[in-house]
Amino acid sequence: MNYQDIITIEPGKRSGKPCIRGMRITVYDILEYLAGGMTEAEIIEDFSELTSEDIKACLAFAADREKKLFVASI
C-alpha cells in the first residue's frame, strides 16, 4: 500500500507526529485503538471522517517504519 498520500507530517500539527490526511488524528492514535482491541469498524464508527484505507495506511506506515529499524552490534 502507498501510504504517502494519506499519512502527512506537518511541523505545527500534533508536534509533527504523522497524521491522517492532515487531520489531527495521528497514526499512533489509530495503532493504540487497534492494540487496545478496537476493530476497524469501531474506529470508523467513532471517527466517521476516517476510512478503511486510512487505517490500512497507518498499519503500512508502522510496518515500513519497523522495517527500517535495526540494532547495531556492539
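Cys58 is buried, with a relative accessible area of 0%, where buried means under 20% relative accessible area, exposed means over 50% and partly exposed lies in between, using a 1.4 Å probe and protein chains only. The model is predicted, with local features needing pLDDT of at least 70 and side-chain atom pairs counting only at pLDDT 80 or more, while totals for chains, interfaces and linings use all residues. Residues are numbered from 1 along each chain as its sequence is written, and side-chain values use heavy atoms, with hydrogens and water left out.

**Cysteines**

- With a disulfide taken as a pair of cysteine sulfur atoms within 2.5 Å, the count comes to 0 disulfides.
- The cysteine sulfur closest to that of Cys19 belongs to Cys58 and lies 9.6 Å away, which is too far for a bond.
- Cys58 is likewise in no disulfide, its nearest cysteine sulfur being that of Cys19.
- Cys19 counts as buried, at 2% relative accessibility.

**Positive phi in residues other than glycine**

- Ser15, a residue other than glycine, has a positive phi near 60°, and Ser15 is found in the loop between strand S1 (7–8) and strand S2 (19–20), where strands are DSSP runs of E with at least two residues and helices are DSSP runs of H or I with at least four, numbered from the N terminus.
- At 70% relative accessibility, Ser15 is classed as exposed.
- Arg21 also has a positive phi, near 45°, and Arg21 lies in the loop between S2 and helix H1 (27–35).
- Arg21 is classed as partly exposed, with 40% relative accessibility.
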